[in-house]
Amino acid sequence: MGAALPGFAQALGDGIVAIDTGFHRPGFDAAYLIVDDGRAAFFDTGTNFALPRLLATLDALGLPRSAVDWVIPSHVHLDHAGGAGALMRELPAARLLVHPRGLKHLVDPGALYDGALAVYGAEAMARDYGRLVPVDAARAAATEDGQTIRLGQRTLEFAHTPGHARHHHCLWDARSRSWFTGDTFGLSYREFDTARGAWMMVSSTPVQFDPPALAASVRRLLAQQPRWVQLTHFGRIGDLERTGPALLAAIDAMAEIGRSTAGGDGRHERLRDALRAWYLRGARAHGCTLPEAAVVDLLTLDIELNAQGIGIWRDRVERAAR
């Protein structure tokens, strides 16, 4: 890829381009464009407001809209799939592939929008996501675990990976030995990189966080012996011999925070406080030298959503035990 890319796009080699969707802040939310033999696929789309960046990246590479064969949201949370319907309207040859639990929500996104509205509120929904555009059912299909598709001369394979959400799948690209992981392989923001490398965090965003299932999914991804994982939040991560076990340890730590935080009034605030303290300790142990206030500012959204997700998980576990 010798073409000059916009500043929000980065060529990673092997026909892969990471696109910063601009959601929330720079370096927070990525979509990926995979190109092979003149054909293209998007993995994750960002929100509706990412659409100009996705299309500008195609233009910079000299790819017509008709060159895109596939649009593949990792799951239907709106920072990953909110722009899927609007993007599909621009891509006449593309088909959308989504986990079977998510298909109905992209064809008819009313319930998806209402669920997000309950979490974020009307003002944030209008500012961050906009109205969701339905995907034409005739151009959308559910994936199967282990299913393969062709993109140009390469084969891509799906793995269903519950734990963050039951409607989550990841995509294996043997050419680059990469997993495109959505939220299954966690979060790692470049602001926290140190001489030790990337700092790994877990996403327990509501409402389907399941630590044992997530750990099993991560182990499945690692069993493929990938060279890279391509994170939506944010960017390409290597050093899997270290970052993989670090992520598994973080899953265990998140679960323990949930188990050790008593229920009742004020539990959400206690979960937020516990997560904030744990993140600060983790950042310092990783060698991060950012001021404490800067660390908390970068992680405020994750702290809030992760606390919500842990609380919902504990409620579910406690109901099942009655």
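On a 1 Å grid over the protein atoms alone, a cavity is a set of points where a 1.4 Å probe fits but cannot get out, whereas a pocket is an open set with protein on both sides within 12 Å along at least five of seven lines, and lining residues have an atom within 4 Å of a point. Grid points are joined across faces, edges and corners, and a volume is the space filled by probe spheres set on the points. By this rule the structure holds 2 cavities of 30 Å³ or more.

This is a predicted model, in which local features need pLDDT of at least 70 and side-chain atom pairs count only at pLDDT 80 or more, while totals for chains, interfaces and linings use all residues. Residues are numbered from 1 along each chain as its sequence is written, and side-chain values use heavy atoms, with hydrogens and water left out.

**The whole chain**

Begin with the protein chain as a cartoon, which shows 10 helices and 13 strands; helices (H or I, at least four residues) and strands (E, at least two) are DSSP runs numbered from the N terminus. The C-alpha trace spans about 55 × 45 × 35 Å along its principal axes.

**The largest pocket**

Next select His77, Leu112, His167, Pro206 and Val207, which are the closest to the centre of the largest pocket among the 21 residues that line it. This pocket holds about 440 Å³ of space. The lining has 11 nonpolar, 6 polar and 4 charged residues, where Ala, Val, Leu, Ile, Met, Phe, Trp, Tyr, Cys and Pro count as nonpolar, Asp, Glu, Lys and Arg as charged, and the others, Gly among them, as polar.

**The second largest pocket**

Move to the second largest pocket, with a volume of about 250 Å³, and select Gln10, Arg190, Phe234, Gly235 and Arg236, the closest to its centre of 18 lining residues. Strands E1 (9–13), E2 (16–20) and E13 (235–237) each supply at least two residues of this lining, which divides into 7 nonpolar, 5 polar and 6 charged.

For the largest cavity, of about 140 Å³, select Phe28, Asp79, Thr205, His233 and Leu305, the closest to its centre of the 15 lining residues. Helix H10 (residues 292–321) contributes the largest share of this lining, 3 residues.

The second largest cavity has a volume of about 50 Å³, and its lining includes Leu78, Ala81, Leu106, Leu112 and Val133. The residues of that lining divide into 8 nonpolar, 2 polar and no charged.

**A helix pair**

Finally, select helix H7 (residues 211–223) and helix H8 (residues 240–260), which pack at an angle of about 175 degrees with their axes 10 Å apart; axes are lines fitted to C-alpha atoms, for helices over the stretch in contact, and angles run from 0 to 180 degrees between N-to-C directions. H7 and H8 are therefore roughly antiparallel to each other, a term for angles over 145 degrees. Their contact (heavy atoms within 4.5 Å) includes Leu214 and Val218 of H7 and Leu247 and Ile251 of H8.

Notes:
Parallel < 35°, antiparallel > 145°, perpendicular 65-115°, else oblique.
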